[in-house]
Amino acid sequence: MSEEHPETGRRTGTWVGALLALVLAAALLVALPGDDGPPPDGAACADRTIAAWSADERLTGEFARYGDDPARTDDWTGGDGTHSVRLPDGRLLWLFSDTFLGRVYAPPNPAGESHTWRDSAAPMVRNSAVVMSGGRLDTTLAAPLFPDPAPGQWRWPVAARVEPRAPGSAQQVVRVLLWVRASGQAPWIYGVPLATEVATLSLPDLRVESVVKVFDQHLVPDPSRRVLFGTTLVEEDGYTYVYGGDDGQAVGRPVSSAYVARVPEGRLAEPGAWRYWNGSAWSARDGPRAVLGDGRRTGVGSAFSVARDDGTYVLFTMAAGTEGLSKVTSYWSCSPTGPWHGPGRGFDAPLPRGGTAAYNPQAHPRADGDGLVLSYDVNWMEPTDAAARLNGNVALYRPRFVTLRLAPSGG
């Protein structure tokens, strides 16, 4: 249980206002066409875009069922920053950033509306983890799973993977990428970026064994130029490609940029094993160089996801222009470093009625092991009375899921 619940209303209002600022910054992107040129000669991939999608009511409904269960007072009832990883025994580990815990109550809520609701004193923690077995959520691990590194700082979990404890080892562990942020004044009401860490969790009991800092950014003078890695990762040919982004939107730049690092399998928790794409090669010494984002018309939102489809890398992010409050779009590439082509066709994420918006599209394995599922987080976007809205309708602050079909842009 969190001890922060006396401040829940204040923290939620600040946090929602920060999210509103980031999403509105994304909405200022000029909706100009991107680089849609052909792939390099001989490339073993083809263009990919979102050809069709459908709401995954089963998966969305499972999070609603679990979050609405009033039987416990210390489990997950809502959160954002949705990431997942499949464990060797078939379970799925779901990771969340800011998370509401506590008991929920059946409708009507205190305003007389027909919504399941939580008390305004319900605790909110910086991160949580929920285990799914056989397609059913059944356990919230003790929260927060990753304790604050220092006063005024916190950890947000992002992408994760199962890998050997060391190269060649038969023993497997879970590596979880963590973003470290610190409290700050405007424009850093969403937190000042400090570092990327890697946590190691034991299997099968998911106990936190260690946390290692792999990419320290606190000495970079301009916080908007600091890069945090781990918004998404891709496994390929014995390497883990770890993507990250900067905080350009926090200071009014119209777009954030994407970056990529490469780490040999089994060595994510070794800072010396990381190599960063510098524009022409993988380097341990040079700072990373953006692989997507020209500062004006192309780039990514505050979080994005990359998946592989028939040899093609596909990147999902929120769309440019005013559609960025609800529309998911994509880019594609024949290489993890680009060039990225797009944006391609997208889709309008289904949202609850009222002042809500979508953000943070993330790819996940299907619970049945087949196909591509994309989640997006949902939040109330009007800063006025935000805490009351989120507590008065617990369904607002939860992920939604869609199933995607990708195809060539002409298909």
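## Basis of the report

The model is predicted, so local features need pLDDT of at least 70 and side-chain atom pairs count only at pLDDT 80 or more, while totals for chains, interfaces and linings use all residues. Residues are numbered from 1 along each chain as its sequence is written, and side-chain values use heavy atoms, with hydrogens and water left out.

## The disulfide

A disulfide is a pair of cysteine sulfur atoms within 2.5 Å, and by this rule the count comes to 1 disulfide. Its partners are Cys45 and Cys334, whose sulfur atoms are 1.9 Å apart. The torsion about their S-S bond is about -70°, so the disulfide is left-handed. Cys45 lies in the loop between helix H1 (8-27) and strand S1 (49-55) and Cys334 in the loop between strand S22 (327-333) and strand S23 (347-348), so the pair ties together parts that are 289 residues apart in sequence. Helices (H or I, at least four residues) and strands (E, at least two) are DSSP runs, numbered from the N terminus.

Relative accessible area is described as buried when under 20%, exposed when over 50% and partly exposed in between, with a 1.4 Å probe and protein chains only. Cys45 is buried, at 13%, whereas Cys334 is partly exposed, at 23%.

## Aromatic rings

Rings of Phe, Tyr and Trp (its six-membered ring) pair if their centres lie within 6.5 Å, and planes under 30 degrees apart count as stacked, over 60 as edge-to-face and the rest as tilted. The count by this rule is 20 aromatic pairs. One of them joins Trp94 and Phe401 edge-to-face, at 5.6 Å centre to centre and with 80° between the planes. Trp94 lies in strand S4 (residues 92-96) and Phe401 in strand S26 (residues 400-407), so this pair ties together parts that are 307 residues apart in sequence. Trp94 is buried at 1% relative accessibility, and Phe401 is buried with a relative accessible area of 2%.

A charge sits over a ring if NZ of Lys or CZ of Arg is within 6 Å of the ring centre and within 35 degrees of the ring normal. The charged end of Arg118 sits in this way over the ring of Phe100, 4.1 Å from its centre, and that of Arg262 sits over the ring of Tyr239, 4.0 Å from its centre.

## The nonpolar core

A nonpolar core is a set of buried Ala, Val, Leu, Ile, Met, Phe, Trp, Tyr and Cys residues joined through side-chain atoms within 4.5 Å. The largest has 23 residues, and those with the most contacts inside it are Leu177, Val198, Phe229 and Trp274. The elements that give two or more residues to this core include strand S11 (153-164) and strand S12 (172-182), and S11 gives the most, with 4 residues. A second, separate core of 17 residues includes Leu87, Ala160, Val162 and Leu206.

## Backbone features

Most residues other than glycine have a negative phi, and most peptide bonds are trans. The peptide bond from Ala186 to Pro187 is cis, with omega near 10°, and the bond from Gly342 to Pro343 is also cis, with omega near 5°. Pro343 is placed in the loop between S22 and S23.

Asp237 has a positive phi of about 55° and counts as exposed at 67% relative accessibility. Asp310 has a positive phi near 50°, and this residue is exposed at 65% relative accessibility.
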